[in-house]
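Please examine the sequence and the structure shown here. The paragraphs that follow lead from the overall division of the chain to individual helices and residues.

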Amino acid sequence: MTDREKTLDIIFGRWRSQILYAGVKLGVFDCVNAVPKNVSEIAKQLNLDSSLAYRLFRALGSLGLLKEDANRNFSITAQGDLLRKDYPQTLRGIVLLEEGEEHYALWKHLPSMIMDGKQNAFLREYSKNIFEYADSNLAYREVFNQAMSSYSTIQTAWVLDALEGYDFSKIHHMCDVGGGQGHLLCSLLVKYPHLKGTVFELDTVIKNRELLWARKMGVEDRCTYVAGDMFDEVPAADAYIMKMILHDWSDEECVKILSNIYRQVYNVGTVFIAEHMVPGPEKPHFSKLFDIHMMCASSGRERTAEEYADLLNKAGWKYSKTLHSPSGLMGIVEGNK
Ligand SMILES: C[S@@+](CC[C@H](N)C(=O)[O-])C[C@H]1O[C@@H](n2cnc3c(N)ncnc32)[C@H](O)[C@@H]1O
């Protein structure tokens, strides 16, 4: 691609993700399958205007998510499959959250936040922070939790890869702080059968027991779900893990969370911080884009491994090391008591 083409490609990035969002939101990927189906039949099934739907499906075809034949019949592609509701590692939740109306609305505040030096797009738009908003808005909360499980199906593998070869024999009780519906913790319990675990979360996230991973993954006997607020107190354990938690919060808030954990940890005492680690200036990296999303959605930021080590030290921990997933997309900073 020429420089002009590359820049144009960036300009039109949002078109692609919004076309994709419309397909997911309207249920297209759950209706179209491997057997080609005519646009009129799909539109009827989904209650859509047939001629406008045709143009959307054609665009989805152009993105490689559907396949169109000469008679306006559409089938799903392998890439489109990833967006089906019943696909085992579906990406659907991520699309609904990140391109849905709430998050879409935040981006317009980006230039003014940077001019004003105030990182508060969620407050500007909704007069609440993201978790208060999720607490009071059931539809958003459901989409948020689906997205977290969706992210987790990808990120859990990165965490397990990064921790491959780590000596877990000294750890007996792992607590996942802000552990969502428990995908990561339960995966660790499956892999390390001597471990027991606690998922610590806001009550609203874990109160629908149907959605929790412990039963689905067969580790219910070793996994407990505890509701609470990590800014008050966390359950006692000899190791803690937090994935995509500290990036939601400012440095001061992170030190508070890490200090609360430090107060409760026993024995050797370990904390694992799993996040996208920002590399040096020479390297283009997804974390540098995710950081701008965090600027819009929260008081947090993406950080370098050194910045996480600094937060650990400020909360009383000793920085031990940073492990990286082979994908290079996730790092784990380890601290010890
Ligand atoms: C970005 S999500 C990450 C979830 C999960 N660790 C994962 O990686 O999929 C942040 C999580 O922190 C939880 N959370 C936010 N504030 C919290 C608090 N004060 N105490 C406990 N959990 C909290 C949210 O409910 C949410 O599930």
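The protein is divided into domain 1 (3-85) and domain 2 (104-336), with bounds that come from an automatic or database domain assignment. The C-alpha centres of domain 1 and domain 2 lie 33 Å apart. This is a predicted model, in which local features need pLDDT of at least 70, side-chain atom pairs count only at pLDDT 80 or more, and totals for chains, interfaces and linings use all residues. Residues are numbered from 1 along each chain as its sequence is written, and side-chain values use heavy atoms, with hydrogens and water left out.

Consider helix packing. Two packed helices are described by the angle between their axes and the distance between the axes. Helix α1 (residues 3-11) packs with helix α2 (residues 13-25) at an angle of about 40°, and their axes are 4 Å apart. Helices here are DSSP runs (H or I, at least four residues), as are strands (E, at least two), and both are numbered from the N terminus. The axes are lines fitted to C-alpha atoms, for helices over the stretch in contact, and angles run from 0 to 180 degrees between N-to-C directions. Helices α1 and α2 are therefore oblique to each other; angles under 35 degrees count as roughly parallel, over 145 as roughly antiparallel, 65 to 115 as roughly perpendicular and the rest as oblique. The contact (heavy atoms within 4.5 Å) is made by D9, I10 and I11 of α1 together with G13, R14 and R16 of α2.

Helix α17 (residues 286-297) has 12 residues. From its first C-alpha to its last, α17 reaches 16 Å, close to the 16 Å expected at 1.5 Å a residue; the expected span is 1.5 Å times one less than the number of residues. Among the buried residues of α17 are F290, M294 and C296, where buried means under 20% relative accessible area, exposed over 50%, and partly exposed in between (1.4 Å probe, protein chains only). What covers the buried residues of α17 includes α7 (92-98) and α12 (138-162).

Backbone angles are the next topic. Most residues other than glycine have a negative phi. Phi of N47, however, is near 65°. N47 is placed in the loop between α4 (39-46) and α5 (50-62), and is exposed, with a relative accessible area of 73%. M244 also has a positive phi, of about 55°. M244 lies in the loop between β7 (239-243) and α16 (251-264), but counts as buried at 11% relative accessibility.
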